[in-house]
Amino acid sequence: MSSTFPFPRLKRMFIYASVSVSLALPTSAWADDAKELLKKMSDFLAAQKTISFTYQSSLEAVTPDFEKLQFVSSGTANLTRPDKLRVTRTGGFADVDVSFDGSSLTVHGKNLDAYAKIDGKGSLDDLIDRMMTAGVEAPGADLLSSDVYDVLMTDVTEAKHISSAFVDGVECDYLAFRTPEIDWQIWIQAGSQPIPRRYVITSKHIVQAPQYTLEISDFKSGADVAAASYSIEIPAGAKTVDLSELQSLDELPAPADTGEVK
């Protein structure tokens, strides 16, 4: 029997759950500077005109049989403020190349040999707002905003600096935030370059606690960033479709692709 996902495809991107864990945190390690550290990271990112990094993301989903599955993707990101973006993502169910040149957004589903192009002049902030207004959820896109602090702090009711931590051998400040609907955690590199190294979003109201995790590496800015093209060369044979027809853009498979029970 095939596992099934009863949720609309885009809404599944942000279905998370709470974890029933009794965790005795070392309260002596807590500090009250979580907001200050997050603001420092936001200001640092906003000051970088050109950025590139690689990433790995994982998105969990829970089947109707309460089996938790994790779908992993990886890719690259290049951005030049205020209005240039190129993101690639390759996973088991999608191979996507996305580009925004300040005038139009092009999404190429390479595994589908199809692409969609949407006209719309504006900044990266305008693009993110339009995508969210259209119901296109893009976990982690908040970190590309020119004002990460205000975007992430919306609806935050509690902020904690848990402790120091190490991500990929790099010392980080480990911060945790709560909102009515989700909790999120972020690991920010300590020192003069407060780069987000790890970002985890967890819902509080769905069973099994599926999470979205984004891990960033090879972060570069300014002159260290290699030249990038913000236009996609579409193969001659690729067909043009509406964005809604690119059914394999997100990190989750179609219900029939989730495997057979053995």
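**Entry 1: ring pairs.** I counted five aromatic pairs in this structure, which is a predicted model. The one I looked up to begin with is Phe53 with Phe219: they are stacked, 6.4 Å centre to centre, with 10 degrees between the planes. I noted that Phe53 sits in strand β1 (residues 50-62) and Phe219 in strand β11 (residues 211-221), so this pair ties together parts that are 166 residues apart in sequence.

**Entry 2: another stack.** Next I checked Phe177 and Trp184, a stacked pair at 4.1 Å centre to centre and 10 degrees between the planes. Phe177 is buried at 1% relative accessibility, and Trp184 is buried at 2%. Which residues do ring pairs link into a cluster here? I wrote down Phe177, Trp184 and Tyr199.

**Entry 3: the core.** I then looked up the largest nonpolar core, which has 41 residues; Phe177 and Trp184 are among those with the most contacts inside it, as are Leu38, Leu143 and Ile186. Helix α1 (residues 34-47) gives the most to this core, with six residues. For Ile186 I skipped neighbours within four places in sequence and found contacts including Leu38, Leu143, Phe177 and Tyr199.

**Entry 4: the sheet.** Last, I traced an open sheet of twelve strands with mixed pairing, running β7-β8-β9-β10-β11-β1-β2-β3-β4-β5-β6-β12. Its edge strands are β7 (158-167) and β12 (239-240), each pairing on one side only.

Methods: Residues are numbered from 1 along each chain as its sequence is written. This is a predicted model: local features need pLDDT of at least 70, side-chain atom pairs count only at pLDDT 80 or more; totals for chains, interfaces and linings use all residues. Side-chain values use heavy atoms; hydrogens and water are left out. Two strands pair if DSSP finds at least two bridges between them. Helices (H or I, at least four residues) and strands (E, at least two) are DSSP runs, numbered from the N terminus. A nonpolar core is a set of buried Ala, Val, Leu, Ile, Met, Phe, Trp, Tyr and Cys residues joined through side-chain atoms within 4.5 Å. Buried means under 20% relative accessible area, exposed over 50%, partly exposed in between (1.4 Å probe, protein chains only). Contact means heavy atoms within 4.5 Å. Rings of Phe, Tyr and Trp (its six-membered ring) pair if their centres lie within 6.5 Å; planes under 30 degrees apart count as stacked, over 60 as edge-to-face and the rest as tilted.
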